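Hello everyone, and thanks for coming. Have a look at the model on the screen, and I'll walk you through it.

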Amino acid sequence: MIYLVRHAKAGSRHNFHGNDLLRRLSPAGQRQAQALATRFIPILEAAGVKTLISSPFLRCIETLRPTAKAIGARIETDECLSEGRSFIDVLALLASLPDSAVVCSHGDVIPYTIEAAGRRGCEFLSPPDWRKASVWELDRDADGAITTANAWPPPDVG
């Protein structure tokens, strides 16, 4: 099982002046990131896994930061998780990761990746949820192909 996270709520793209790579989480997004950590910590500690991989965009890194801090892990970045990237590279990355890895990407990349997994035979155990801070729990076969996908709704942080 691996976990594909859509980054938490970020500040408005339209109100941000500067490089979009540096747009940070909003206060609500920071609460979502903390709530995700609360959910991930027992899973990762039980598995003994510290693999956290993020898009290089700051809002994705900040989404995983509370989890990384709690388990003493380092967040790696991978360009293939950036906005506008191909699902082909994301599927290859997901196939290569150890079980219980947590990966954070964007609202354009994740739907294409999940839909591509469906075209390759993935069974969906829940309706899709594309909202910010939603998580896809992905089970894989021995070759790394995604066999089942279950969407977790975003944490309710008010």
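**Starting from one residue**

Let's begin with valine 109, which touches Leu81, Ser82, Glu83, Gly84, Arg85 and Val90, if we set aside residues up to four places away in sequence. Contact here means heavy atoms within 4.5 Å.

A quick word on where this comes from. What you see is a predicted model, where local features need pLDDT of at least 70 and side-chain atom pairs count only at pLDDT 80 or more, while totals for chains, interfaces and linings use all residues. Residues are numbered from 1 along each chain as its sequence is written, and side-chain values use heavy atoms, with hydrogens and water left out.

Back to our residue. Valine 109 is found in helix 4, residues 109-119; helices (H or I, at least four residues) and strands (E, at least two) are DSSP runs, numbered from the N terminus. Is valine 109 buried or exposed? Valine 109 is buried, with a relative accessible area of 1%. The cut-offs are under 20% relative accessible area for buried, over 50% for exposed and partly exposed in between, with a 1.4 Å probe and protein chains only. Valine 109 and phenylalanine 87 are 22 residues apart in sequence, and their C-alpha atoms are 6.5 Å apart in space.

**The whole protein**

Let's step back. The protein has 4 helices and 7 strands, and from the N terminus on its elements run β-α-β-α-β-α-β-α-β-β-β. Its radius of gyration is 14 Å, close to the 15 Å that the globule rule gives for 158 residues, so the protein is as compact as a globular protein of that length. That radius is taken over C-alpha atoms, and the rule is 2.2 Å times the number of residues to the power 0.38. Along the principal axes, the C-alpha atoms fill a box of roughly 45 × 30 × 30 Å.

Buried residues make up 53% of the 158 residues. Among contacts with a separation of 6 or more, 64% come from residues 24 or more positions apart.

**The sheet and its helices**

In what order do the 7 strands of the open sheet lie? The order is 3-2-4-1-6-7-5, and the pairing is mixed. Two strands pair if DSSP finds at least two bridges between them. At the edges are strand 3 (75-77) and strand 5 (123-124), each pairing on one side only.

Helix 1 packs on this sheet, touching strand 1, strand 2, strand 4, strand 6 (135-140) and strand 7, and its direction makes about 170° with that of strand 1. Axes are lines fitted to C-alpha atoms, for helices over the stretch in contact, and angles run from 0 to 180 degrees between N-to-C directions. Helix 3 (residues 87-96) lies across strand 1, strand 2, strand 4, strand 6 and strand 7, at about 65° to strand 6.

Now find strand 4. Strand 1 and strand 4 run parallel, joined by 4 bridges; leucine 4 has valine 103 as its bridge partner there, and arginine 6 has serine 105. Strand 2 (residues 52-54) is also parallel to strand 4, with 3 bridges, and leucine 52 stands opposite valine 102. In a regular strand the side chains alternate between the two faces of the sheet. Both faces of strand 4 (residues 102-105) are covered: Val102 and Cys104 on one side, and Val103 and Ser105 on the other, are all buried.

**Aromatic rings**

Rings of Phe, Tyr and Trp (its six-membered ring) pair if their centres lie within 6.5 Å, with planes under 30 degrees apart counted as stacked, over 60 as edge-to-face and the rest as tilted. How many aromatic pairs does this rule give? The count comes to 5. One of them is tyrosine 3 with tryptophan 152, a tilted pair at 5.4 Å centre to centre and 50° between the planes. Tyrosine 3 lies in strand 1 (residues 2-6) and tryptophan 152 in strand 7 (residues 146-152), so the pair ties together parts that are 149 residues apart in sequence. Tyrosine 3 and tryptophan 152 are buried. Tryptophan 130 and tryptophan 136 have ring centres 5.4 Å apart and planes at 40°, so that pair is tilted. Tryptophan 136 is buried at 1%, whereas tryptophan 130, at 29% relative accessibility, is partly exposed.

Tyr3, Phe40 and Trp152 form one aromatic cluster, and arginine 39 lies over the face of tryptophan 152, at 3.5 Å from the ring centre. For such a charge, NZ of Lys or CZ of Arg must be within 6 Å of the ring centre and within 35 degrees of the ring normal. Arginine 119 lies over the face of phenylalanine 87 at 5.4 Å.
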